[in-house]
Amino acid sequence: MITDTVDVDTLVTNLAISDTPVAGDDIVSSDEAAQGLTFTGTTEVGSTVQVTFEGTTHTAAVDASGNWAVDFAASDIPAGEYDATLFVTATDAAGNVDTVTDSFAVDTTAPDTPLVSAFTKGISGVRGISTVMDESTPVISELTADGSVQDLDYTVAENQAFGEVDFGFSSPIPDGSHLVVTAEDDAGNEASTLFVLEETGTDVVDIANPGLAGFEVEAVDLQFAEDSQLTLTAEQLEGLSDNSNELTIHGGSDDTVAIAGANGTGDSVDISGQTYDIYTLGDEGGTLYINEDITVII
């Protein structure tokens with residue numbers, strides 16, 4: 001009688017996906033997608049691993065202990081709101097193949113920018129504002145002339161009769177400061193409105209204020225400041241928000257917006273019952289929606 005020993009290997013062992021990078025809420029936000037995603041997990045030692053996300057496949061790096069990791073760049077992550085499935089396929093040294101999956105949400109769509117509907121002003125400054133009621137209650141910050149951003153102490157009350165949310169400040173906001181009104185959705189995406197108050201000794205709005213770098217500014221509201229003068233370049237437009245290269249400018253006939261190099265499209269849109277003319281600005285597809293009552297200098 002002759003005997004022999006044969007190793008039988010018919011499966012891939014230890015194949016798993018860790019909960020990074022979506023630990024906590026299982027939602028990939030716009031900020032997270034912009035940084036790219038790194039997926040990790042384990043597999044049988046000696047295996048190769050292929051990872052597929054939304055139609056893009058990359059080969060993962062596998063170390064001597066069977067830990068694998070793979071990077072997906074921001075360009076690999078489609079924008080929008082959708083449910084994504086990650087496919088991880090491992091092939092071990094014996095040629096066995098196995099696949100595991102993980103599902104999570106992707107939401108890179110910013111919420112609507114808050115719309116200020118009213119404000120209350122006293123002798124020493126603005127005492128409160130109201131915003132149109134939306135899915136979430138915005139957060140308000142004070143932006144000073146020197147670029148610092150201050151947290152504010154205020155009360156919040158829903159005004160169902162007017163469909164508004166009323167904010168009452170514990171201390172008046174003085175001239176020379178502005179307000180940044182920020183909406184945030186469940187995924188953590190943000191969109192902000194720069195609410196312009198009266199300047200001190202000038203009507204010029206400083207859109208280059210360094211404090212704006214911490215926000216995703218997609219609207220500028222000149223409605224409640226008199227005779228505002230705003231100058232905007234293509235470069236400044238691109239830097240206002242990572243969400244898009246678009247900006248809505250609210251205002252009236254006493255306001256002036258200078259946008260050298262812009263082109264009027266001849267088209268318009270309706271926003272909250274008012275007409276906004278559409279302009280393009282810059283080589284990167286910048287788009288401006290400007291209230292038709294504002295004086296525009298091209």
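1. A quick word on terms before we start: strands here are DSSP runs of E, at least two residues long, numbered from the N terminus. Please also keep in mind that this is a predicted model.

2. Staying with phenylalanine 119, its relative accessibility is 27%, so the residue counts as partly exposed. Leaving aside residues up to four places away in sequence, phenylalanine 119 touches Val126, Gly128, Ile129, Phe195 and Phe224.

3. The structure holds one salt bridge, and its partners are aspartate 175 and lysine 121, with 3.6 Å between the closest N and O atoms. This pair links distant parts of the chain, 54 residues apart: lysine 121 belongs to strand S10, while aspartate 175 sits in the loop between strand S15 (164–173) and strand S16 (178–184). In general, side chains of opposite charge can pair when their charged atoms come close.

4. Nine strands form an open sheet with mixed pairing, and their order is S13-S12-S16-S17-S19-S21-S25-S24-S23. At its edges are strand S13 (149–151) and strand S23 (263–271), each of which pairs on one side only. Direction ignored, neighbouring strands of this sheet are turned by 25° against each other on average.

5. Within that order, S19 and S21 are worth a look. Strand S21 spans residues 246–250, and S19 pairs with it in the parallel sense over three bridges. Alanine 219 stands opposite threonine 248 in S21.

6. Finally, consider valine 217, which lies in strand S19 (residues 217–221). Valine 217 has a relative accessible area of 0% and is therefore buried. Its contacts, not counting residues up to four places away in sequence, are Ser192, Leu194, Leu212, Leu240, Ser241 and Leu247. Valine 180 is 37 residues from valine 217 in sequence, yet their C-alpha atoms are 8.4 Å apart in space.

Note on methods:
Residues are numbered from 1 along each chain as its sequence is written. This is a predicted model: local features need pLDDT of at least 70, side-chain atom pairs count only at pLDDT 80 or more; totals for chains, interfaces and linings use all residues. Side-chain values use heavy atoms; hydrogens and water are left out. Buried means under 20% relative accessible area, exposed over 50%, partly exposed in between (1.4 Å probe, protein chains only). Contact means heavy atoms within 4.5 Å. Helices (H or I, at least four residues) and strands (E, at least two) are DSSP runs, numbered from the N terminus. A salt bridge is a side-chain nitrogen of Lys or Arg within 4 Å of a carboxyl oxygen of Asp or Glu. Two strands pair if DSSP finds at least two bridges between them. Axes are lines fitted to C-alpha atoms, for helices over the stretch in contact, and angles run from 0 to 180 degrees between N-to-C directions.
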